[in-house]
Amino acid sequence: MNTKYTDLINQTYYFPQEEFTLNKDNLQFHNIDLMKLVEKYGTPLKFTYLPQISNNINKAKSWFRKAMEQNKYDGKYFYCYCTKSSHFEFIMNEAFKNNIHVETSSAFDINIVENLMANGKINKSTYVLCNGFKREQYIENIARLINNGHKNTIPIIDNYEELDLLQAEIKGKFKIGIRIAAEEEPKFEFYTSRLGIGYKNIVNFYRKQIQENDKLELKMLHFFINTGINDTAYYWNELLKCIKVYIALKKECPTLDGLNIGGGFPIKNSLAFEYDYQYMITEIVNQIKIACDEADVAVPNLFTEFGSFTVGESGGAIYQILYQKQQNDREKWNMIDSSFITTLPDTWAINKRFIMLAVNRWNETYERVLLGGLTCDSDDYYNSEQNMNAIYLPKYNKDKPLYIGFFNTGAYQETIGGYGGLHHCLIPQPKHILIDRDENGILATEVFSEQQTSEEVLHILGYNKKQ
């Protein structure tokens, strides 16, 4: 009978896959022996595989290049990284090896941009697209960047008041964009995004506040919907509405030459994941070109702001199963040596599912389990996979440690979880390592941060303060 964990995976999915292979009894991720990481660094363990960031950036650039060539599209493509997905310097250093641009969300982002410029990671030709609702500090920082000579900084107008606030701080003429307030899917709790200006109001807004203003140069229309870029009637309908606004605005505003379609590329959340990136990009480019050709206006340069797609698939977490609790006739709880609320907060906050696989003992029999975290919180658990209503792992054996991995966790988890701060029930933040390859493919690892200590936590809480 096929009762081994390896049989289960092979019967359920196409396996091995591009990033997941098996070496005898142990799982490998991008040919990284995960058990060797465990032996060297222990658990719980967070890791970032840096080359995957560049891999995904260059895949997207290639897909857009092919789509534009196929559709004889005259515009250019600009890949922007959405910083809020992960602000860490090691992420930025890897991403900006690839001649990309940056999208910001709040005031401190501008300080990061200035640091990147000072260290030669980006330059004055790099686009800095400033999204989000802009409070005083954000306005001041954007103005400082532009006043210091970075003319490719483009604040994306989110509300009517922002124009006056920006003009009061910025010297001379500057570029701007306008964000469309997208209409969300019917299942949402609201009809229209809180971000941006409504479709029907944008042309009038341009006429009243921008058209005759010699200080402003409108360069970009920004479009993004919460559900992301998906092959649904809803997405195509919203995209076409956006293109119609672009065309109407372009006919009155010669300087407008950029269309930002935002982020929203999905990342792999299951071994059963399927998504035709090339088809989606080709069809987006095709729809824009058809509409512009019919209206006899020039096609726009295209911008994207991929965040999760850039960094998500670079991250992972490894835990040890500490103990198994048989709570009733049917439910077995495998307790991990950390907390989902602490280390993978999206599993708790929005019921997000990541790829989860056993790291070792693949050739042993499996059982159905629930996964529990260490906090005293009933919501600190993980109970199913994206495409299955259960979790299966090699059978618990107190004499044979079992390790499990969660993969493609690189976006948002550290910032939402509160990196370097306090965590629920004071469960410590785990050790985090960086994994890279040199030009010869040789792996190198280094510790980015050690596991949080009790002294660090008590200091944050106000104990052990220096008198």
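Mentor: Start with the domains: the centres of domain 1 and domain 2, taken over C-alpha atoms, are 34 Å apart. This is a predicted model, where local features need pLDDT of at least 70 and side-chain atom pairs pLDDT 80 or more, while totals for chains, interfaces and linings use all residues. Residues count from 1 along each chain as its sequence is written, and side-chain values use heavy atoms, without hydrogens or water.

Trainee: What makes domain 1 and domain 2 the divisions of this protein?

Mentor: The bounds come from an automatic or database domain assignment. Domain 1 is 5-42 + 314-461, and domain 2 is 51-311.

Trainee: What area is buried between domain 1 and domain 2?

Mentor: About 2000 Å², with 61% from carbon and sulfur atoms. Buried area is the accessible area (1.4 Å probe) that two parts lose on being put together, so the figure sums both sides. On the domain 1 side, Ser314, Ile355 and Tyr412 lose the most, together 26% of what that side buries.

Trainee: How many residue pairs are in polar contact between domain 1 and domain 2?

Mentor: Seven, with both residues at pLDDT 80 or more. A polar contact is an N or O pair within 3.5 Å; within protein, one atom must be able to donate a hydrogen and the other to accept it, and sequence neighbours count only if both atoms are side-chain atoms. Helices (H or I, at least four residues) and strands (E, at least two) are DSSP runs, numbered from the N terminus.

Trainee: Why is the Glu19 and Lys268 pair called a salt bridge?

Mentor: The rule wants a side-chain nitrogen of Lys or Arg within 4 Å of a carboxyl oxygen of Asp or Glu. Glu19 and Lys268 have N to O at 3.2 Å, so the pair qualifies. The whole structure holds 13 salt bridges, and one crosses the interface of domain 1 and domain 2.

Trainee: What makes Glu414 and Lys46 a salt bridge?

Mentor: Their closest N and O atoms are 2.3 Å apart, so the pair meets the cut-off. It links distant parts of the chain: Glu414 is in helix α14 and Lys46 in strand β4 (residues 45-49), 368 residues apart.

Trainee: Where does Pro44 lie?

Mentor: In the loop between α2 (34-41) and β4. A cis peptide bond joins Thr43 to Pro44, with omega about 0°.
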